[in-house]
Amino acid sequence: MLGLALLALGSVPHDLHAEEERGFHIRPFVGFTTPDKVTTEDAVGIITRDIPTDDARSFGIAVGTELFLPGLLWEIEYARRTANVDGRAIIDIPEEIPQLGGNALMLPAHIGGDVTMQSLFLNLAYHFNAKGRVSPFLHAGAGYANVDVKSLTFTSDIPPPALVPGADNHGIAYSYGAGLAFQLTDSVAMDLLYRRVEYGKVYTDPSTTGLGRDEFEVATGELSLGVRFSF
């Protein structure tokens, strides 16, 4: 019986051992995030495009494993991204607005506020040179996100300052990008990744000015550095 058992163990296919060797990985990361597409539009058509931000940062952690092909990884990722809205942008006011006397305006203004983005994604990454010391890879993800926009203050040459109510919305978001992985040891790799994260539309409460609620469009570009520990 013992001999039969040893013979059975010796006949286990190589592919099964490969599955066992894949294990799983943990990838903490930090990054610099630029929400370069914070755009607002209220119910009557006043648009402020590409509102500038600064002091943008991100951090997160992902857990995953290798899939059916060498170099094809999947993972579950939590990330948090923050930025200060701080800078000048142009407010595009159409002439149809009766509150402004029916005049079309391109009005410079300073905008201040904060944006916080949290997400839980399912990611896929494919490494083209999985066995090499350096491997380029493609990265994509999708999942659930929360975008919290604090109230924004618009200060222009026409007083008084305008206050846009905040927004705290949930919805579907997605990301895509590319990077380089550097294999430091058999179980440790460093990932340098640039990606876009699209959060879609975010809606505020109705404005006290009577111009309706504002619609935000939020997207980020992110350069992050992660360390992937394999077990």
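**Tyrosine 126 and its partner**

I began with tyrosine 126, which counts as partly exposed at 31% relative accessibility. This is a predicted model, so I kept to computed values throughout. I then looked up the ring partner of tyrosine 126 and found phenylalanine 128. The two form an edge-to-face aromatic pair, with 5.1 Å centre to centre and 85 degrees between the planes.

**Other aromatic pairs**

How many aromatic pairs does the structure hold? I noted 3. Another of them joins phenylalanine 24 and phenylalanine 231, and this one is stacked: 5.3 Å centre to centre, with 25 degrees between the planes. I checked where the two rings come from. Phenylalanine 24 sits in the loop between helix H2 (14-22) and strand S1 (25-34), while phenylalanine 231 belongs to the segment after strand S12 (213-230), so their pairing ties together parts 207 residues apart in sequence.

**A charge over a ring**

I also looked at phenylalanine 29. The charged end of arginine 195 sits over the ring of phenylalanine 29, 5.5 Å from the ring centre.

**Nonpolar surface patch**

Last, I went over the surface and found a nonpolar patch made of Val30, Phe59, Ile61, Ile76, Tyr78, Leu120, Leu122 and Tyr144. Together they have about 770 Å² of accessible area. Strand S4 (53-66), strand S5 (72-93) and strand S6 (105-127) are the elements that each give two or more residues to the patch. I placed leucine 122 in strand S6.

How values were computed. Residues numbered from 1 in each chain as written. Predicted model: local features only at pLDDT ≥ 70, side-chain atom pairs only at ≥ 80, totals over all residues. Heavy atoms only, no water. Patch = residues over 30% accessible without salt bridge, like charges linked within 9 Å, V, L, I, M, F, W, Y side chains within 5 Å. Areas by Shrake-Rupley, 256 points an atom, 1.4 Å probe, with all protein chains shown as cover. Salt bridge = Lys/Arg side-chain N within 4 Å of Asp/Glu carboxyl O. Helix = DSSP H or I, 4+ residues; strand = E, 2+ residues; numbered from the N terminus. Phe/Tyr/Trp six-rings, centres within 6.5 Å; stacked < 30°, edge-to-face > 60°. Buried < 20%, exposed > 50% of the residue type's maximum accessible area, 1.4 Å probe, protein only. Lys NZ or Arg CZ within 6 Å of the ring centre and 35° of its normal.
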